Amino acid sequence: MNKALVAIAMGCALAMSSVSYAAGDMDNMDMSAGAKQGTESKDSMSHGEIKKVDAAAGKLTIKHGPLENLGMEGMTMVFKVKDPAMLAQVKAGDKIDFVAEEVGGALTVVKLQKQ
């Protein structure tokens, strides 16, 4: 029984020493790189084509490529717009660059540029 307790104690000590070693190893890491990358992907624009403008509902139907900041593949879908003035900037068939984010539970175009 004593041998079993000694073995368990040694195992715990070994596990704790490896955890503290790994934590100490991170002292020299630049943790701001991940934050910068997250900001870049959030602000990077996606490409798409306007399929429909619904001014009454304040929505755009966009056929788009991958939305990396939302982890979505390319597809055609309806988005709300953050600023209703965006609706007057585009018409069906226009190629656009845009940023979409989830705002209040709805996918919303927050930035829009005509190509």
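Reader: Okay, which residues does Ile62 touch?
Author: Keep in mind that this is a predicted model. Leaving out residues up to four places away in sequence, Ile62 touches Gly48, Glu49, Ile50, Met75, Thr76, Met77, Phe79, Ile96, Phe98 and Val109.

Reader: And what's the largest nonpolar core like?
Author: It has 15 residues, and Ile62 is among those with the most contacts inside it, along with Leu60, Phe79, Ile96, Phe98, Val109 and Leu112. The elements giving two or more residues to this core are β2, β3, α3, β4 and β5.

Reader: Is Phe79 buried or exposed?
Author: Buried: Phe79 has 0% relative accessibility, and buried means under 20%. Phe98 is also at 0%, so Phe98 counts as buried too.

Reader: How many aromatic pairs are there?
Author: The structure holds 1. Phe79 and Phe98 sit edge-to-face, 5.7 Å centre to centre with 65 degrees between the planes.

Reader: Why does that pair tie together parts that are apart in sequence?
Author: Because Phe79 lies in strand β3 and Phe98 in strand β4, the pair links parts 19 residues apart in sequence.

Reader: New topic: how do β4 and β5 run?
Author: They run antiparallel, joined by 8 bridges. Val99 stands opposite Lys111 in β5. In their hairpin there are 2 residues between the strands, and Gly104 takes a positive phi near 60 degrees.

Reader: What about β3 and β5?
Author: Those run parallel, with 2 bridges joining them. Val81 stands opposite Val109 in β5.

Note on methods. Residues numbered from 1 in each chain as written. Predicted model: local features only at pLDDT ≥ 70, side-chain atom pairs only at ≥ 80, totals over all residues. Heavy atoms only, no water. Phe/Tyr/Trp six-rings, centres within 6.5 Å; stacked < 30°, edge-to-face > 60°. Helix = DSSP H or I, 4+ residues; strand = E, 2+ residues; numbered from the N terminus. Buried < 20%, exposed > 50% of the residue type's maximum accessible area, 1.4 Å probe, protein only. Core = buried A, V, L, I, M, F, W, Y, C linked by side-chain atoms within 4.5 Å. Contact = heavy atoms within 4.5 Å. Pairing = 2+ DSSP bridges.
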